[in-house]
Amino acid sequence: MAADFAFSADLRTRITGNLASFQPRLLGADGLRHAAVGVVLLPDVGDRTCFVLTRRQPTLRRHAGQWALPGGRREPGETSEAAALREIHEEISLDLRPEAVLGRLDDFVTRSGHLISPFVLWVSGQAALAASPDEVEAAFRVPLSELDHPEALRLRPLLHFVIPSLETTVHAPTAAILYQFREVALHGREVRVADVEQPFFTWH
């Protein structure tokens, strides 16, 4: 049975501690397009802790219509953390300060030639999500209880998550990052995801 994951200081402390005990693998971006994303944690109206999942615009040149964590390209001279904060603001209108960052996960190299640097962020209090029409079709709050449900994770034909509230499945690279977040941040388990394969439709 999945936990309730009520939005609380205790949960924040637990996630922060688990991430502090984890040594993320950071990679060089030579020859890759460097991006930074956020596992953004915030409450819903019932004070359940959720993460933000976006649906990319179907008109985009790259990864059109795919499910993704909020984030985007790192600009020259910018740190990965600064890029994540800036892109989160641009995509879903959350203006977060560096202290919102609880920690980070492993860098992940995608089949499409991106290096993704994932951060875990905590949004204090109620906050509205407003999707940028240039890039994001919609932004959703997904309860952590759905991510942690025993039947959420599927390993065949490839690792993916079933998200009941959105009536969809989420594949790698987003699913790989969420899997590591679930295991490391929520449960304190050391799990690596560099070898998680991605479906063909994400390769371009």
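**Reading a predicted chain, term by term**

Q: What makes up the accessible surface of the chain, and what does it come to?
A: The accessible surface comes to about 9800 Å², and 50% of it belongs to carbon and sulfur atoms. The areas come from the Shrake-Rupley method with a 1.4 Å probe, and for residues only the protein chains shown count as cover.

Q: What kind of model is this, and how are its values counted?
A: This is a predicted model, in which local features need pLDDT of at least 70 and side-chain atom pairs count only at pLDDT 80 or more, while totals for chains, interfaces and linings use all residues. Residues are numbered from 1 along each chain as its sequence is written, and side-chain values use heavy atoms, with hydrogens and water left out.

Q: What is the secondary structure of the chain?
A: The chain has 4 helices and 11 strands. These are DSSP runs numbered from the N terminus (helices: H or I, at least four residues; strands: E, at least two).

Q: Why is F161 called buried?
A: Buried means under 20% relative accessible area, exposed over 50%, and partly exposed in between (1.4 Å probe, protein chains only). F161 has 0% relative accessibility, so it counts as buried. Across the chain, buried residues make up 54% of the 204 residues.

Q: Which residues is F161 in contact with, beyond its neighbours within four places in sequence?
A: Contact means heavy atoms within 4.5 Å. By that test, the partners of F161 include L147, L153, V170, L178 and Y179. For the chain, 66% of the contacts with a separation of 6 or more are between residues 24 or more positions apart.

Q: Where does F161 lie, and what makes the sheet there open?
A: F161 lies in strand β10 (residues 160–163). The open sheet has 3 strands in the order β9-β10-β11, with antiparallel pairing. Its edge strands are β9 (153–154) and β11 (168–171), each of which pairs on one side only.

Q: How do you know that β9 and β10 pair?
A: Two strands pair if DSSP finds at least two bridges between them. There are 2 bridges joining β9 to β10, which run antiparallel, and R154 stands opposite H160 in β10.

Q: What makes β7 a mostly covered strand?
A: In β7 (residues 114–122), 9 of its 9 residues are buried. H114, I116, P118, V120 and W122 point one way, whereas L115, S117, F119 and L121 point the other way. In a regular strand the side chains alternate between the two faces of the sheet.

Q: Which strands pair with β7, and in what sense?
A: Strand β1 (residues 33–43) pairs with β7 in the parallel sense over 9 bridges, and the bridge partner of V39 is V120. Strand β5 (residues 101–104) runs antiparallel to β7, joined by 3 bridges, with R104 partnered by F119. Strand β6 (residues 108–109) is antiparallel to β7 over 2 bridges, and V109 stands opposite L115. β6 and β7 form a hairpin with 4 residues between them, and G113 in the turn has a positive phi of about 90 degrees.

Q: Why is D44 called buried?
A: Its relative accessible area is 9%, so D44 falls in the buried class. D44 sits in the loop between β1 and β2 (49–56). Beyond its neighbours within four places in sequence, D44 is in contact with C50, Q126 and R141.

Q: Why are S93 and E167 put in their accessibility classes?
A: S93 has a relative accessible area of 40%, so it is partly exposed. E167 has 75% relative accessibility, so it counts as exposed. S93 has a positive phi near 65 degrees, and E167 has a positive phi of about 50 degrees although it is not a glycine.
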